[in-house]
Amino acid sequence: MNEITTINRTQREYSEAAKKALARAPQLFINGEWVDSSGGGTIDIEDPSSGKVVGKFVEATDKDVDRAISAARIAFDDGRWTGLPPITRERILHGLADILEANADELAELEAIDNGKPKGMASMVDVPGAISQIRYMAGWASKLTGDTIPPYTMPTGMMFGYTMKEPVGVCAQIVPWNFPLLMACLKIAPALAAGCTIVLKPAEQTSLTALRLADFIQQSDLPPGVFNLITGYGHTAGDRMVKHPDVDKVAFTGSTEIGKLINKNATDTLKHVTLELGGKSPVVVMPDVDIAETAPGVAQAIFFNAGQVCVAGSRLYAHKSVFDKVLEGMSEMADFWAPRASLDPEGHMGPLVSKEQHERVLGYIEAGKRDGASVLMGGDVPSNDGGYYVSPTILTDVNPQMSVVREEIFGPVVVAQRFEDLDEVAKEANDSVYGLAAGIWTKDVSAMHRLASKLKAGTVWGNCHAMIDAALPFGGYKESGIGHEQGRLGIEAYLETKSVIMKL
Ligand code: ADP
């Protein structure tokens with residue numbers, strides 16, 4: 001643990017490509033062009049590894065939002081995208097994926113600078129993950145078929161019916177700051193494959209990679225107006241998008257609190273809504289595990305992306321016979337997860353995204369201590385050089401009433417509890433308003449499946465955590481969301497089904 005405090009956390013030199021991206025004039029991408037905002041407002045780009053302001057982007061006005069939505073509406077209604085042969089949409093999406101692949105290193109660096117995550121992690125997870133979403137959904141573009149009902153005879157004559165899949169229309173897509181490029185591509189890929197048009201808004205903390213994504217879309221064969229980018233605040237620009245009468249669908253990933261607000265705001269015009277919200281995911285460790293494999297796995301489940309993951313394994317339930325050993329194994333990982341500057345090649349965890357998030361997470365740790373929790377590891381701020389660092393933290397002696405156990409902390413903080421039997425742990429794991437994901441660690445296949453069926457969660461992992469596949473639907477139970485992304489359900493969420501029935 002002492003070694004953590006000796007790490008040099010100074011941010012490394014940016015590449016020339018990154019410097020250029022940071023120095024760009026603040027503009028919005030509307031109707032295939034970079035345009036100035038109707039107002040002069042800007043928002044600072046901050047590097048969370050140093051707390052320094054390193055650039056600016058547009059704070060969009062209502063007028064900017066209206067302009068972007070109007071461009072998307074016209075592009076949808078005139079059929080310039082929807083009307084293309086599906087195989088052409090597929091080709092164009094693969095073309096975009098090719099461009100992203102060719103610029104992967106720059107995208108990973110920008111994500112690291114903007115969000116604080118290690119560049120190595122962005123290179124391994126965020127950028128390839130984003131590209132996979134586009135490639136997977138590209139394939140669906142040419143496979144969106146309906147059903148036919150064979151002709152049959154009624155007293156009035158012969159009837160024949162079929163269904164058609166049609167794109168929902170103009171989509172407002174609002175994404176969070178924890179996986180900015182990945183979340184943006186996870187949203188735009190199914191919408192574009194379905195034939196929809198888009199206005200995308202990245203989070204105000206992390207707009208850099210979305211701006212570069214717009215550059216790459218401009219270089220692709222996507223017709224103008226099909227993808228439009230608005231940068232700005234949620235309560236202003238985001239709110240305008242959600243309430244706009246020309247928007248047919250809202251897709252949002254973020255906090256449960258804002259998701260509930262968005263759901264209400266989208267109701268007046270009865271928009272289609274997909275919500276991917278918060279979580280407080282349980283990780284259950286059974287008595288038969290191999291500690292050497294499990295302890296690093298459950299540490300990664302919470303410390304990956306500094307715990308700023310909606311599916312973070314933030315509630316650990318270890319069987320009483322292995323509890324101490326699992327925690328000991330996790331504590332041995334303290335140096336591995338010690339936070340470092342995002343461009344430090346040795347780093348596995350970076351700072352938190354912002355000052356606000358830093359204060360929020362430290363506030364939870366303090367509340368936990370006040371409520372009687374013990375800090376087994378971390379709990380401190382390992383540097384005071386301006387970066388938003390928090391040490392990987394394990395809290396024990398917790399109970400189900402504590403805020404650290406009930407609420408989503410969205411930081412590198414795990415609460416560890418003991419359990420004795422399977423039924424008891426299933427009840428405790430389900431004692432949450434959230435139901436996004438859960439993890440089970442065991443060699444006992446029967447116990448694994450029995451527990452998986454009892455857990456109220458949209459995704460259950462066995463002997464791994466946070467593994468996402470573009471082909472597997474992802475969605476939350478309870479207050480963790482509405483609808484699904486990824487897989488066949490993910491594209492269905494951007495389609496209407498029309499039934500056509502005829503008397504022949
Ligand atoms: P977090 O709490 O993780 O910072 P939020 O849920 O506040 O995340 O934000 C996620 C995304 O939602 C961001 O792009 C943010 O700008 C946007 N947002 C925030 N408030 C609103 C709102 N009232 N309407 C629409 N979008 C919003």
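Tutor: The questions below concern a predicted model.

Student: In which order do the strands of the open sheet of 7 strands lie, and which are the edge strands?

Tutor: The pairing in this sheet is mixed, and the order is β14-β15-β16-β13-β12-β18-β19. An edge strand pairs on one side only, which is the case for β14 and β19 (459-462).

Student: In which sense, parallel or antiparallel, does β15 pair with β14, and in which with β16?

Tutor: Strands of a sheet may pair in either sense through backbone hydrogen bonds. On the β14 side, Met377 stands opposite Ile394, and the 3 bridges between β14 (residues 374-377) and β15 are antiparallel.

Student: Which residues of β15 point the other way from Thr393 and Leu395?

Tutor: Side chains in a regular strand alternate between the two faces of the sheet. In β15 (residues 393-396), all four are buried, and those pointing the other way are Ile394 and Thr396.

Student: At about what angle to β13 does helix α15 run?

Tutor: Helix α15 (residues 422-430) lies across β12, β13 (315-319) and β16. Its angle to β13 is about 175°.

Student: Is Ser342 buried or exposed?

Tutor: Ser342 lies in the loop between α12 (334-337) and α13 (355-370). Its contacts beyond four places in sequence include Gln11, Ser49 and Lys117. Because its relative accessibility is 1%, and the cut-off is under 20%, Ser342 counts as buried.

Note on methods
Residues are numbered from 1 along each chain as its sequence is written. This is a predicted model: local features need pLDDT of at least 70, side-chain atom pairs count only at pLDDT 80 or more; totals for chains, interfaces and linings use all residues. Side-chain values use heavy atoms; hydrogens and water are left out. Helices (H or I, at least four residues) and strands (E, at least two) are DSSP runs, numbered from the N terminus. Buried means under 20% relative accessible area, exposed over 50%, partly exposed in between (1.4 Å probe, protein chains only). Contact means heavy atoms within 4.5 Å. Two strands pair if DSSP finds at least two bridges between them. Axes are lines fitted to C-alpha atoms, for helices over the stretch in contact, and angles run from 0 to 180 degrees between N-to-C directions.
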